[in-house]
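Me: I would like to go through this model term by term, asking each time what a label rests on. Could you start with the rule for ring pairs, and then work outwards?

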Amino acid sequence: MGDIEIRDDRTAGRLEAVTDGEVVGRIEYFVLDTPGRALVPVHTVVEPAHEGKDVAGSLAREPYGVAARGGSAVAPLCPYVAKWAERHPGQAPAAGPELIRAAKEWPAARPERF
């Protein structure tokens with residue numbers, strides 16, 4: 001397996017893990033604007049043939065890099081990203097409870113999105 005490249009398809013709300021020209025995993029997300037700007041990962045998927053090859057870890061790391069570069073936070077709703085963040089507190093600053101609450105309300109108000 002080649003190097004993992006992460007592409008951000010902001011319009012689709014998807015981070016894609018690409019290796020050797022093939023999309024091998026993705027995180028679906030949305031951007032929250034209030035009460036603060038945050039990237040909200042909702043779901044992580046890795047193609048079965050690529051499990052165990054650090055695709056999910058590479059994907060989970062990326063929202064924190066994107067957020068740091070953009071001056072925003074990450075409010076993970078995706079259980080995998082939340083667990084990854086717990087294991088990597090130095091790379092994954094925790095979002096406050098108000099931000100997490102707002103992140104949970106956003107998809108509840110838009111059930112067709114996820």
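Reply: Rings of Phe, Tyr and Trp (for Trp, the six-membered ring) pair if their centres lie within 6.5 Å, and planes under 30 degrees apart count as stacked, over 60 as edge-to-face and the rest as tilted. With that rule, a search of the whole structure finds 4 aromatic pairs. This is a predicted model, in which local features need pLDDT of at least 70 and side-chain atom pairs count only at pLDDT 80 or more, while totals for chains, interfaces and linings use all residues. Residues are numbered from 1 along each chain as its sequence is written, and side-chain values use heavy atoms, with hydrogens and water left out.

Me: Why is the pair of Phe-30 and Trp-106 called stacked?

Reply: The ring centres of Phe-30 and Trp-106 are 3.9 Å apart and the planes lie at 10°, so the pair is stacked. Phe-30 belongs to strand S3 and Trp-106 to helix H3 (residues 97-108), so the pair ties together parts that are 76 residues apart in sequence. Helices (H or I, at least four residues) and strands (E, at least two) are DSSP runs, numbered from the N terminus. Ring pairs also link Phe-30, Trp-106 and Phe-114 into a cluster.

Me: Are Phe-30 and Trp-106 buried or exposed, and what makes Ser-72 partly exposed?

Reply: Buried means under 20% relative accessible area, exposed over 50%, and partly exposed in between, with a 1.4 Å probe and protein chains only. Phe-30 and Trp-106 are both buried, whereas Ser-72, with a relative accessible area of 26%, is partly exposed. Ser-72 lies in the loop between H1 and S5, and, leaving aside its neighbours within four places in sequence, Ser-72 is in contact (heavy atoms within 4.5 Å) with Arg-37, Ala-38 and Ala-67.

Me: What makes strand S2 largely enclosed?

Reply: In S2, 5 of the 6 residues are buried, so this strand is largely enclosed by the rest of the structure.

Me: What lies between the strands in the hairpins?

Reply: The hairpin of S1 and S2 has 4 residues between the strands, and Gly-13 in the turn has a positive phi of about 70°. In the hairpin of S2 and S3 there are 2 residues between the strands, and Asp-20 takes a positive phi near 50°. S3 is joined to S4 by a hairpin through 5 residues.

Me: Why are H1 and H2 called roughly perpendicular?

Reply: Angles under 35 degrees count as roughly parallel, over 145 as roughly antiparallel, 65 to 115 as roughly perpendicular and the rest as oblique. Axes are lines fitted to C-alpha atoms, for helices over the stretch in contact, and angles run from 0 to 180 degrees between N-to-C directions. H1 and helix H2 (residues 79-87) pack at about 75°, with their axes 10 Å apart, and H1 and H2 are therefore roughly perpendicular to each other. Where they meet, Ala-56, Gly-57, Ala-60, Arg-61 and Tyr-64 in H1 face Tyr-80, Val-81, Trp-84 and Ala-85 in H2.

Me: What makes the link between Glu-28 and Arg-26 a polar contact?

Reply: A polar contact is a pair of N or O atoms within 3.5 Å, where, within protein, one must be able to donate a hydrogen and the other to accept it, and residues adjacent in sequence count only if both atoms are side-chain atoms. The side chains of Glu-28 and Arg-26 are joined by a polar contact of 3.3 Å. Glu-28 is found in strand S3 (residues 22-32).

Key
Pairing = 2+ DSSP bridges.
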